[in-house]
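Please examine the sequence and the three-dimensional structure shown below.

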Amino acid sequence: MFGYINVNREKLKPEDAGMYQSYYCGLCQVLKDEFGRKGQILLNYDMTFLIVLLTGLYELEDKETEFICPLHPARKRLARCNEATSYAAAMNVLLSAKNFEDDWKDNHSVAKKALLQIFKKDYERISIKYPRQALAIEGYLRRLAQAEKMNEPNVDAVAGLTGEMLGEIFAWKKEDIWAEELRCLGFYMGKFIYLMDAYEDIEKDRKNKCYNVLKLMQKETEQDFETFSSLMLTSMISECAKSFERLPILLHAEICRNILYSGVWTRYEYLRMKKKAKEEKKSRSIAKMDAEKAEKAEKAARAKNEKDKKKEKIQKSSKVKKNQKEKKNETVNNEAVDHKLVNNETAETETAEYEAADNQAVNMEAARTEAAEYEAVNNEAVITVETAGHEAAKTGTAGHEAAKTGTAGYELVNNDAAKTETAEYEAADNSAAKTKTAGHKE
């Protein structure tokens, strides 16, 4: 709940800024005086607004004191305190203690449980002094827990619980004439604070699957969520401003107006800027991812084109090699056919040569046989002639002449036969040599 009701120092006059700071320091000093050093850890600007509002409305008398702040020791600080300061400090402890209890139940925070134990006695003491406010806080937390358990979708009903509780705290004096208007101002301020808290935690609650009344609304009207949230918050602060303007406040009125018309929006604007920066970062991240995807796709396309070109080149090369191989095979086949034809022709030639050689051999054999037959005949003739010669010798000179005649005839026959045989051998050798020479040339 804390951190949403702040002042816009940029638009605040210097004297008003000093006045606001002195009330803030006064709250710090009262927390220390009434609750010890531990009380100072609860200091916040939200309760400072309540001090300024009640001081201006009731025109309370301030007590001014100077002190040295441990956080700012360079010079002395001015603290303003009054009855409203003590009341705001007590309400601060009540709200903080219940905040610690709520965090312990929801998130099981050990640190918050320890803080709850530290402020337990202070809470009990304040509850006795301000029972109406303590009961309002306890009842608020009980009804809020029930609404969250039922997953209540009604934004106005859930935010109204915080408004009712804060209205009781703003109504300082129950029977006072201004109590009802202060309760109304606190009611709309409480609703504004609840909606701001829900707006800030919506992403966290969605992630952690926790209840958030705006989460249900965003799911239904996601596109108009920001517009609708802004209108709701503006409406709540508008009602707060109306209630304030109806109050007869003159003292510190400019400080209160600064908070209501400008200060409460500083947190909202900060959240909007933070959300916008996150969305821009997300958009840049998405754009970067898209660019990387496009670059990867382009690289993949280039790689595919190069691969296709390489594949096409390989196919062309394979086709050329295949054609070359086919041509080479065709050439080899043609050469084989030509060689086969040559071999066939050579074989035919050799066959013819062998046949011619066989014929020549047969002829030579026939010639030898014929020569042998001639020799045999001649031998028989010689034998016959010699026999006749011997017989003629026996008869004298006639026989001697006959022998001569027989010898001459024998020599003549032998010479003719030898010449004939030699001529036949030469003819056969010449024919064979010519045939072989012709075969080699072919």
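Asp205 is found in helix H8, which covers residues 179-208. Helices (H or I, at least four residues) and strands (E, at least two) are DSSP runs, numbered from the N terminus. The model is predicted, so local features need pLDDT of at least 70 and side-chain atom pairs count only at pLDDT 80 or more, while totals for chains, interfaces and linings use all residues. Residues are numbered from 1 along each chain as its sequence is written, and side-chain values use heavy atoms, with hydrogens and water left out.

Asp205 is buried yet has no salt bridge. Buried means under 20% relative accessible area, exposed over 50%, and partly exposed in between (1.4 Å probe, protein chains only). A salt bridge is a side-chain nitrogen of Lys or Arg within 4 Å of a carboxyl oxygen of Asp or Glu. For Asp205, the nearest side chain of opposite charge is that of Lys204, 5.3 Å away. In this count Lys and Arg are positive and Asp and Glu negative; His and the chain ends are not counted.

Which side chain does Asp205 join through a polar contact? The partner is Asn212, at 2.8 Å. A polar contact is a pair of N or O atoms within 3.5 Å; within protein, one must be able to donate a hydrogen and the other to accept it, and residues adjacent in sequence count only if both atoms are side-chain atoms. Leaving aside neighbours within four places in sequence, Asp205 is in contact (heavy atoms within 4.5 Å) with Cys210, Tyr211, Asn212 and Lys215.

## The nonpolar core

A nonpolar core is a set of buried Ala, Val, Leu, Ile, Met, Phe, Trp, Tyr and Cys residues joined through side-chain atoms within 4.5 Å. The largest such core has 88 residues, and those with the most contacts inside it include Phe49, Met189 and Leu214. Helix H8 gives the most to this core, with 12 residues. Beyond its neighbours within four places in sequence, Phe49 is in contact with residues that include Ile5, Phe170, Met189 and Leu260.

## Salt bridges

The structure holds 23 salt bridges. Three of them are set out here.

| Pair | N to O distance |
|---|---|
| Asp103 and Lys112 | 2.7 Å |
| Glu245 and Arg257 | 3.0 Å |
| Lys316 and Glu312 | 3.8 Å |

In the pair of Asp103 and Lys112, Asp103 counts as buried at 16% relative accessibility, whereas Lys112 is partly exposed at 25%. Glu245 lies in helix H10 (residues 225-246) and Arg257 in helix H11 (residues 253-394), so their pair ties together parts that are 12 residues apart in sequence. Lys316 and Glu312 are 4 residues apart in helix H11 and therefore separated by about one helical turn. Lys316 counts as exposed at 52% relative accessibility, and Glu312 is partly exposed at 42%. Salt bridges that share partners also join Arg132, Glu168, Glu180 and Arg183 into one network.

## Cysteines

How many disulfides are there? The count comes to 0, a disulfide being a pair of cysteine sulfur atoms within 2.5 Å. The sulfur of Cys25 is too far for a bond, because the closest cysteine sulfur, in Cys69, is 6.5 Å away. For Cys69, the closest cysteine sulfur is in Cys28, at 6.4 Å, which is also too far for a bond. Cys25 is buried, with a relative accessible area of 9%, and Cys69 is buried at 15%.
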